Amino acid sequence: MKARIKFKKYGALRFIGHLDVMRFFQKVMRRAEIPIAFTGGFSPHMIMSFASPLGIGLSSEGEYFDIELTRQIDSAEAVRRMNEACVEGIEVISFRQIREEKKMTGMTILAGADYLVDVSGSPMPEGWEEKFREFMAQPEIKVIKQTKRSEREVDIRPQIFRWELREEGIYLQLAAGSSQNLKPDLVMDTFCRSLGLAEEDAKFAYCRLEMYAYGEDGKELVTLESLGWDMEGDGE
């Protein structure tokens, strides 16, 4: 039996790395007495996989990881127990059963994520909003992407699914996952270069709002949370 857990990461804990988050939840699982399954062998460890590690310094309203259970547990009870074992800066939002297929893990099906970019800490020039509209209206946005072995020029415009100027900042919905993965700081760095604004002067704050997979039609993005369902009872 597999379950998907959604959580928030905020405040001072946005500065801890992925490995620390993973170790934190391993402790939470034990303290909350969640019936998580372990691998076999001489060094068993909890069966746990995160959809997409969050960069250090980013907050999030929608992080996910999948686990394997040894028995059913009530979803509401699991959320309550885990939050009692958490600290300020991490909050569990939902605990839902998901389909058993290996190909349905969040890591495998992840296709998109949306972000809110807070620009209030940067010295943006007057009229930058109109410049941003012009920037996003381009048919192509070419950048140099570096890999472990080389660097190449790519067009990131097709990987920007949606964007919107909001009162609280810039909303971006971007491609995410193993095949395509566009980070919001690359979009903003490219925009700043188009303005002649130095990268060290651009002090943006990023919040990941949600993560998505493609629905049954293969076209519409749906939240990873929506692909699961709540469990009732503890199975005992």
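Biologist: How many bridges join β5 to β9, and in which sense do these strands run?

Modeller: Strands here are DSSP runs of E with at least two residues, helices are runs of H or I with at least four residues, and both are numbered from the N terminus. Two strands pair if DSSP finds at least two bridges between them. β5 and β9 run antiparallel and are joined by six bridges. One of the bridge partners is Q173 in β9, which faces D114. Before we proceed, please note that this is a predicted model, in which local features need pLDDT of at least 70 and side-chain atom pairs count only at pLDDT 80 or more, while totals for chains, interfaces and linings use all residues. Residues are numbered from 1 along each chain as its sequence is written, and side-chain values use heavy atoms, with hydrogens and water left out.

Biologist: Over how many bridges do β5 and β10 pair?

Modeller: β5 and β10 pair over eight bridges, in the antiparallel sense. D118 has A205 as its bridge partner in β10.

Biologist: How many of the nine residues of β5 are buried?

Modeller: A residue is called buried under 20% relative accessible area, exposed over 50%, and partly exposed in between, using a 1.4 Å probe and protein chains only. In β5, eight of the nine residues are buried, so this strand is largely enclosed by the rest of the structure. In a regular strand, side chains alternate between the two faces of the sheet.

Biologist: Is Q146 buried or exposed?

Modeller: Q146, in strand β6 (residues 142–146), is exposed, with a relative accessible area of 65%. Q146 also shows how sequence and space are to be read side by side: Q146 and G127 are 19 residues apart in sequence and 31 Å apart in space, C-alpha to C-alpha.

Biologist: Which residues have the most contacts inside the largest nonpolar core?

Modeller: A nonpolar core is a set of buried Ala, Val, Leu, Ile, Met, Phe, Trp, Tyr and Cys residues joined through side-chain atoms within 4.5 Å. The largest core has 38 residues, and F132, M188 and F204 have the most contacts inside it. Two or more residues of this core come from each of β5 (110–118), α4, β9 (169–175), α5 and β10 (205–214). Helix α5 gives the most, with five residues. There is also a second, separate core of 28 residues, which includes F25, M48, A85 and M231.

Biologist: With which residues is F132 in contact, leaving aside its neighbours within four places in sequence?

Modeller: Contact means heavy atoms within 4.5 Å. With those neighbours left aside, F132 is in contact with W163, L165, I170, L172, M188 and F191. S75, in helix α2 (residues 75–85), can be read likewise. S75 counts as buried at 4% relative accessibility, and beyond four places in sequence S75 is in contact with F95, R96, D230 and M231.

Biologist: How many aromatic pairs does a search of the whole structure find?

Modeller: A pair of aromatic rings is described by the distance of the centres and the angle of the planes. Rings of Phe, Tyr and Trp (its six-membered ring) pair if their centres lie within 6.5 Å; planes under 30 degrees apart count as stacked, over 60 as edge-to-face and the rest as tilted. The search finds eleven pairs. In one of them, the ring centres of F7 and F50 are 6.4 Å apart and the planes are at 90°, so the pair is edge-to-face. F7 in strand β1 (residues 2–9) and F50 in strand β2 (residues 48–50) are 43 residues apart, and their pair links distant parts of the chain. F7 is buried at a relative accessible area of 2%, and F50 is buried at 9%.

Biologist: What are the distance and angle for F135 and F191?

Modeller: F135 and F191 form a tilted pair, with 5.3 Å centre to centre and 55° between the planes. F135 lies in helix α4 (residues 128–136) and F191 in helix α5 (residues 184–195), so the pair ties together parts that are 56 residues apart in sequence.

Biologist: How many disulfides does the structure hold?

Modeller: A disulfide is a pair of cysteine sulfur atoms within 2.5 Å. The structure holds zero disulfides. The sulfur of C86 has its closest cysteine sulfur in C207, 17 Å away, which is too far for a bond.
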